Amino acid sequence: MNDQPQTQPAAKVLGGLTPYLQLDGAFKASEFYQKAFGAEQVFFYPPDEQGRTMHIHLHINGSTLMISDFYPEHGMAAVKPQGFTMQLHLGSDDIDAWWQRAIDAGCQEVMPLQVMFWGDRWGNMRDPFGVEWAMNAPVNAAS
């Protein structure tokens, strides 16, 4: 029997640009994103003695999102998210269900879903970790 720790296989990175969020409570955020956005947690490093993790890999809507806790002792101090929005591009038949699931999970509506000047339905919200999320979908001809 092999008593050596097993290395979890790396998960496939989806897409060509990967957002990487540092949050206070990465495991809680992962659980929240699974509930709010249908995320699948495909990889993580186990928590340290303080319950923090240096890496969680999620798949959301065909893309990769990576998150970790803050590690001020390694130069990654806690800072509030600012100046960016995570945007989900959805189909016209999907956006209402995605929107409601996120609101029901605990996201706070910032701007309600509406037809915007560029012709798509768009709205944005803030998650409990302070991250801004937007959803965008083409307007269905039946809408």
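This is a predicted model: local features need pLDDT of at least 70, side-chain atom pairs count only at pLDDT 80 or more; totals for chains, interfaces and linings use all residues.
Which element gives the most to the lining of the largest pocket?

1. **The largest pocket.** The answer is β5, which contributes four residues to the lining. The pocket itself has a volume of about 250 Å³. Its lining is made up of 13 residues, and those closest to the centre are P19, S63, M86, Q87 and L88. The elements giving two or more residues to this lining are β4 (63-69) and β5 (86-89).

2. **What the lining is made of.** Sorted by class, the residues around the largest pocket are seven nonpolar and six polar, with no charged ones.

3. **Aromatic pairs.** A search of the whole structure turns up 10 aromatic pairs. One of them joins F117 and W118 in an edge-to-face arrangement, with 4.9 Å from centre to centre and 85° between the planes. How exposed are these two residues? F117 has a relative accessible area of 76%, so it is exposed, since that is over 50%. W118 has a relative accessibility of 39% and therefore counts as partly exposed, between the cut-offs of 20% and 50%.

4. Elsewhere, F32, Y33, F37, F129 and W133 are linked into a cluster by ring pairs.

5. **H55, a loop residue.** Is H55 buried or exposed? This residue lies in the loop between β2 (40-44) and β3 (56-60). H55 is buried because its relative accessibility is 13%, which is under 20%. Leaving aside neighbours within four places in sequence, H55 is in contact with Y20, F43, F44, Y45, M66, I67 and S68.

6. **E109, a strand residue.** You will find E109 in strand β6 (residues 108-115). Its relative accessible area is 40%, so E109 is partly exposed. Not counting residues up to four places away in sequence, E109 touches W99, I103, N124 and M125. What separates E109 from G123 in sequence and in space? The two are 14 residues apart along the chain, and their C-alpha atoms are 8.1 Å apart.

Definitions and conventions. Residues are numbered from 1 along each chain as its sequence is written. Side-chain values use heavy atoms; hydrogens and water are left out. On a 1 Å grid over the protein atoms alone, a cavity is a set of points where a 1.4 Å probe fits but cannot get out, and a pocket is an open set with protein on both sides within 12 Å along at least five of seven lines; lining residues have an atom within 4 Å of a point. Grid points are joined across faces, edges and corners, and a volume is the space filled by probe spheres set on the points. Ala, Val, Leu, Ile, Met, Phe, Trp, Tyr, Cys and Pro count as nonpolar, Asp, Glu, Lys and Arg as charged, and the others, Gly among them, as polar. Rings of Phe, Tyr and Trp (its six-membered ring) pair if their centres lie within 6.5 Å; planes under 30 degrees apart count as stacked, over 60 as edge-to-face and the rest as tilted. Buried means under 20% relative accessible area, exposed over 50%, partly exposed in between (1.4 Å probe, protein chains only). Contact means heavy atoms within 4.5 Å.
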